[in-house]
Amino acid sequence: TTYVYSFGNGAADGDATQAELLGGKGANLAEMAQLGLPVPAGFTLSTDCCNDFLSSGGNYPGKLREQVQAALATVEGIMGMKFGDTENPLLVSCRSGARQSMPGMMETVLNVGLCPATIPGLIKKTGNERFVYDAYRRLIMMYADVVMEKAEGVEPIDDMGIRSQLDRIMEDLKEEKNYINDTDIPAEDLKNLCDTFKKTVREVLGVDFPDKPEDQLWGAIGAVFKSWNGRRAISYRRIEGIPDQWGTACTVQSMVFGNMGATSATGVAFTRNPANGENRFYGEWLPDAQGEDVVAGTRTPNPLNKDTKNDQNEHLPSLEEEMPEVYAQLYEIRNNLEKHYRDMLDIEFTIQEKRLYMLQCRVGKRTGPAALNMAMDMLEEKMITEKECVMRVKPSQLDELLHPIVDPAHEKTSTVIAKGLPAGPGGAFGQIVFTAKDAVEWHKSGKQVILVREETNPEDVEGMRAAEGILTARGGMTSHAALVARGWGKCCIVGAAMIKLDFKAKEMRIGGKVYKEGDVVTLNGSKGLVYEGALKMVDATENPRFKAFMTIVDKYRTMGVRTNADSPQDTLVSLEYGAEGIGLFRTEHMFYGGDSEEPLFLLRKMILSDTEDERRQALEELFPFMKRDIQATLETMDGMPVTIRLLDPPLHEFVPHGRIHQEELAKALDIEVDDVVRRGEELQESNPMMGHRGVRLGITYPEITEMQVRAILEAAAELIRQGKNPLPEIMVPVTCDVKELIFAKAITDRVYADILKTFSLDSIDYKYGTMIEIPRAALMADKMAECADFFSFGTNDLTQMTFGFSRDDTGGFMADYLDKGIIDADPFQTIDQDGVGQLIQYSVERGRKTRPDLKIGICGEQGGDPASVAFCYANNLTYVSCSPFRLPIARLSAAQAAL
Ligand code: PEP
Ligand code: MG
């Protein structure tokens with residue numbers, strides 16, 4: 001087996017496509033060497049080698065020593081130096097690098113090969129004693145920490161790590177001698193410092209610092225491999241979902257020195273600005289330093305050029321000014337690398353006595369706005385194709401473009417006081433209030449408020465509208481607060497269980513601390529984090545290129561994209577964001593606020609009716625409101641399908657609680673208040689989510705279905721008369737058997753015939769279909785399709801019923817399920833492809849067997865989640881439907897799935 005891959009002198013055994021084997025760093029060094037860039041020669045031990053090493057309990061595979069010896073000899077040949085030589089010693093670095101970058105999570109050792117035997121030769125050769133001892137003290141500090149302290153059998157005598165002890169010794173020296181910077185310590189002191197360091201290592205770790213270059217090398221390689229299983233690396237892998245089996249590569253590379261005095265330097269740069277995407281070379285550098293000094297943040301780095309100057313560094317000289325020739329060479333490399341990789345890169349370089357060396361390059365991380373700008377710029381520069389342009393922006397990055405967000409820099413320095421579910425994206429801050437009424441009043445008086453509630457119900461809707469953000473102690477991702485907030489693109493966090501509310505006192509308690517009405521908090525709705533005080537917001541400026549980008553995206557998208565919208569207002573927004581129809585119009589949402597309370601009142605009247613007469617009268621009164629809303633939406637969406645769902649009100653949410661509401665109703669129904677209360681109590685169910693809801697309501701009270709179908713078809717008929725082209729789709733919710741569909745279809749047919757006659761029409765172009773949101777309906781899909789033109793997966797309920805997880809009560813356990821790895825992701829946010837996904841796949845197949853042209857969509861909240869959209873595409877769904885503000889994300893995800 002080949003474990004070792006060499007690079008240098010314009011040639012390499014590998015290239016950039018081999019990140020799996022060589023790690024990102026090794027692969028890109030090989031690529032840069034092949035491009036003829038000034039890369040110090042070296043070789044990479046493969047990830048296979050790491051895996052063999054780790055699985056054998058820390059033994060190097062046979063033949064590895066021979067391979068390393070041969071590769072080292074090649075490097076020595078190229079560099080004209082010899083590892084361990086007393087006259088002309090070569091030093092190397094041992095650097096970790098996994099397939100995907102894991103910044104700072106694994107170990108690196110520099111200056112390997114420096115020891116009493118090689119020090120005099122290096123001093124003679126460089127004529128720079130100070131530099132040599134500076135390199136040596138760095139080696140001792142790193143090696144003792146990374147290799148020796150973690151080695152088996154080493155028992156440190158105290159808890160304070162060796163690194164901090166050595167750091168302290170150096171700080172004490174600086175203080176004693178009045179040296180401000182590390183670079184002020186002269187050669188003589190550094191030399192003594194190295195002696196003290198070695199003595200300390202012996203005392204603390206009980207072993208001698210290795211004086212043989214060979215031993216240092218193998219110790220460092222082993223430490224790099226073992227750092228794959230270090231605590232930091234493991235946690236990072238869990239967060240990023242990186243598999244344990246990947247392993248890390250180890251690159252052994254000739255050292256070049258940025259710490260050889262004023263004409264040496266080290267730096268990090270991005271080929272374009274990673275924050276905003278501007279096509280300007282952007283970076284930082286430090287004279288007389290090694291790489292760790294730049295990343296560690298101990299010194300304020302200098303700007304690379306005039307484009308990189310800011311308030312903090314503008315007084316410092318740029319590389320462009322200090323070393324114009326080197327800068328010009330670096331600039332040319334920047335251009336060549338971008339042309340070659342056709343992407344923005346982040347690069348690391350070192351300058352040794354005015355000679356430039358490239359130490360690393362990789363595709364750089366970037367913000368959402370930067371990703372968009374770069375993709376569009378590179379397309380215009382003809383650097384990338386349209387398809388590549390579409391692939392360059394992650395769907396989640398679009399989110400950043402559409403909502404104001406909390407300034408990430410400010411978040412880093414602030415403490416999180418509570419965590420909940422990230423229900424509505426973006427950021428918001430404001431004064432906390434505890435009732436919807438206060439939210440409205442404070443808002444009217446010009447204040448910015450955050451509405452804090454135990455959970456929300458329809459009576460809160462105005463307060464939710466008025467608030468900058470919403471925070472609830474209970475509820476899940478699909479709770480109403482979340483649905484409504486996302487629909488409005490409003491920042492919202494739900495299920496923050498650590499918040500204890502006291503409404504009487506108008507305060508909330510988090511841990512030991514009390515927050516009173518009027519106190520200011522900030523919400524990061526994209527992450528579900530709550531902060532004390534007002535954090536800075538970054539404006540999601542409407543990028544003029546966003547629309548142009550989305551036009552390209554739509555060229556490559558094949559699956560339809562619709563929206564979940566319940567009001568003409570949402571519908572207008574959704575058109576702007578590219579909706580091709582409405583996939584879910586929840587009729588009951590018209591009762592949450594709007595311009596009058598009348599519909600909600602009438603709905604309650606209907607719900608509390610005791611007799612069919614009472615109910616019919618209430619329905620009669622409700623009809624005009626229903627028809628008006630549906631008609632307005634059909635009109636706005638003229639020529640596009642609008643899926644109108646028959647009433648699916650969770651009854652418990654609509655039963656009136658307040659005394660005023662109860663009195664009003666008593667008057668209207670001409671009964672006693674006590675009767676209203678009693679009727680309300682009778683409607684209480686122990687499990688309302690599985691209670692008298694959806695189609696069941698229409699089975700018990702067919703007059704409700706009849707009123708609704710009439711409202712839909714009459715609205716359409718009137719529009720047709722006006723020369724419009726309404727395309728209503730009637731959708732029956734919460735079904736589990738085709739007979740339910742047949743029952744409601746009979747009513748629909750009757751009303752349809754009636755309306756054709758009244759309006760003297762030949763036909764109305766409408767469809768009749770069902771939601772698939774109960775596992776039984778999914779299993780009976782072939783039968784269901786006999787009476788349905790279309791299916792729409794209601795994955796909120798389908799997930800609830802498949803897992804048996806109440807969708808409004810996941811707050812108590814979901815975090816534990818995720819933390820303990822019981823499930824990989826919240827199935828209410830992203831479709832559970834293993835379980836729920838099987839039901840979807842099965843119903844698509846069965847449904848289309850019965851009816852090959854069956855239209856199939858999804859309208860659960862997962863419809864706006866990138867992985868779920870890709871899953872829907874793979875399963876041949878006709879369209880996905882999501883809230884208006886998530887449409888761009890769904891469009892991009894669908895296009896990427898098709899490419
Ligand atoms: C669903 O269950 O996925 C759905 C869209 O319906 P609702 O959320 O209104 O129950
Ligand atoms: Mg549902």
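How many residues of the shell around ligand 1 are nonpolar, how many polar and how many charged? The shell divides into 2 nonpolar, 5 polar and 4 charged residues; here Ala, Val, Leu, Ile, Met, Phe, Trp, Tyr, Cys and Pro count as nonpolar, Asp, Glu, Lys and Arg as charged, and the others, Gly among them, as polar.

A note before the views: this is a predicted model, in which local features need pLDDT of at least 70, side-chain atom pairs count only at pLDDT 80 or more, and totals for chains, interfaces and linings use all residues. Residues are numbered from 1 along each chain as its sequence is written, while chains are lettered from A and ligands numbered from 1 in the order in which they are written.

**View 1. The shell around ligand 1.** Ligand 1 is surrounded by 11 residues, and the closest are Glu-773, Gly-794, Asn-796, Asp-797 and Gly-860 (a residue is near a molecule if its C-beta atom, placed from the backbone, lies within 6 Å of it). Strand E28 (582–586) and helix H32 (795–803) each supply at least two shell residues, and H32 gives the most, with 3. Helices (H or I, at least four residues) and strands (E, at least two) are DSSP runs, numbered from the N terminus.

**View 2. Helix H5 against helix H8.** The axes of H5 (residues 129–148) and H8 (residues 213–226) come within 9 Å and cross at roughly 55°. That makes H5 oblique to H8. Axes are lines fitted to C-alpha atoms, for helices over the stretch in contact, with angles from 0 to 180 degrees between N-to-C directions; under 35 degrees is roughly parallel, over 145 roughly antiparallel, 65 to 115 roughly perpendicular and the rest oblique. Tyr-143, Val-146 and Val-147 in H5 meet Gln-216, Gly-219, Ala-220 and Ala-223 in H8 (contact: C-beta atoms, placed from the backbone, within 7 Å). This contact has 5 nonpolar, 2 polar and no charged residues.

**View 3. Helix H4 against helix H5.** H4 (residues 119–126) and H5 have axes that come within 8 Å and cross at roughly 140°, so the two helices are oblique to each other. Ile-119, Leu-122, Ile-123 and Thr-126 in H4 meet Glu-129, Phe-131, Val-132 and Tyr-136 in H5. By class, that is 6 nonpolar, 1 polar and 1 charged.

**View 4. Helix H25 against helix H26.** H25 (residues 659–669) and H26 (residues 673–682) pack at about 105°, with axes 8 Å apart. That makes H25 roughly perpendicular to H26.

Conventions:
Contact = placed C-beta atoms within 7 Å.
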